[in-house]
Amino acid sequence: MSIENGKSISLKELAALCGGRVVGDENVKVSSIASLDVAKEGELTFLTGHKNFDENAKHLKDEKIAAVITSEDLPELPIPSIRLKNPHLGLIAALNFFRKEIKISYHIHPTAYVSETAKVASDAIIGPNAVVEDGAVIGEKAHIEGCAYVGRNASVGANSHIYPGVRVLDYCVVGSNCIIHSNTVIGSDGYGFAQANGEHIKVPQLGNVVIEDNVEIGACVTIDRSTMESTVIGEGTKTDNQIHIAHNVQIGKKCLLVAQVGISGGAKLGNYVVMAGKTGCIGHVKIGDGSTILACGIVTNNVPDKSYVSGYPAKPHQEELRIKGSLRKLPDLIKRVRDLENKLNEQK
């Protein structure tokens, strides 16, 4: 599908927005953008990488596409282009330009409940059936969408966007410029129980969750409150959907957590840590700055800074690859051992 909003922009203007340079006619104007496989005559599109270059270049010409955002190092193309070292920055600028603006006519929707003791900035938006409890603070230009809940003495910072169905529970803190997607729960009780006389006795979870500035949390994520202190999500961290972060976890700055990550209680992640899909770690381990846990890796011990690990239990990735390669040879090795045993038995 094409992305458009009724506005047009020249390649020169768009290049200025993203820091790119124009190759070809900089005065070409575009009013929509579409992915390469569906872009049609007069539209802007996006191309990166040398794979299938000749085929893609022919497609650009045959479809009479107006212009393309692409990599600095790609060969000459048959249509005007905006060139960047990181072409995704050009794509982001174009998508933001063509984003459709949604105008909201209310400050606090008539069906919302906002406590008399809550503090809501005059330019914040509280959507239909949203709830803002006693003592809560909603910052400037924050947007609390329909059916979202902000608990007692909780706070949502300036310019943050809380999508429908999100629960920010009592005393939890969401910083500025954050995005929290639908059905995420911030501040559910940590999983803590003590055993006594055959019973599981609940440990009260009296801490909170602190989400620092510029964090994005995906849909259906659960972040547990700490027992006594704060579960912390560091500045600039981005999470995918369906992730569980347990109580007392400390996540550093600008980490990336991809789908279905599970982080057990008390674990500590440094800055710029990447945990790929379906990864996890046991409680109270430390993952060092700049480390990457590859898909399905499970961390059971501390991981030094700038590690690149995989497998279960997680180990240096090259070691894991050697182990996997050896396992593929295991049936043949077993057969060889049996053959040797049979020959030895025959000699007795």
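In the predicted model, helix 1 and helix 3 lie roughly perpendicular to each other. Their axes are 9 Å apart and meet at an angle of about 115 degrees, which is therefore counted as roughly perpendicular, the range for that term being 65 to 115 degrees. The crossing of the two helices is right-handed. On the side of helix 1, the contact is made by Leu-14, Leu-17 and Cys-18, which meet Leu-89, Gly-90, Ala-93 and Ala-94 of helix 3.

Helix 3 comprises residues 87-98. Buried positions in helix 3 are Pro-87, Gly-90, Leu-91, Ala-93, Ala-94, Phe-97 and Phe-98. Viewed down the helix axis, these residues fall within an arc of 160 degrees, so they line one face of helix 3. The cover over this buried set includes helix 1 (11-18). Strands also contribute to the cover, among them strand 1 (9-10), strand 3 (29-30), strand 4 (44-47), strand 5 (67-71) and strand 6 (81-84). Of the residues of helix 3 that meet helix 1, Gly-90, Ala-93 and Ala-94 also belong to the buried set.

Helix 5 was examined in the same terms. This helix runs over residues 330-347, and its 18 residues should span 26 Å at 1.5 Å a residue. The end C-alpha atoms of helix 5 are 26 Å apart, in agreement with that expectation. Helix 5 is hardly covered, with a count of 0 buried residues among its 18.

How values were computed: Residues are numbered from 1 along each chain as its sequence is written. This is a predicted model: local features need pLDDT of at least 70, side-chain atom pairs count only at pLDDT 80 or more; totals for chains, interfaces and linings use all residues. Side-chain values use heavy atoms; hydrogens and water are left out. Helices (H or I, at least four residues) and strands (E, at least two) are DSSP runs, numbered from the N terminus. The expected span of a helix is 1.5 Å times one less than its number of residues. Buried means under 20% relative accessible area, exposed over 50%, partly exposed in between (1.4 Å probe, protein chains only). The arc is that of the directions from the helix axis to the C-beta atoms. Contact means heavy atoms within 4.5 Å. Axes are lines fitted to C-alpha atoms, for helices over the stretch in contact, and angles run from 0 to 180 degrees between N-to-C directions. Angles under 35 degrees count as roughly parallel, over 145 as roughly antiparallel, 65 to 115 as roughly perpendicular and the rest as oblique. A crossing is left-handed if the near helix is turned anticlockwise from the far one by less than a right angle, and right-handed if clockwise.
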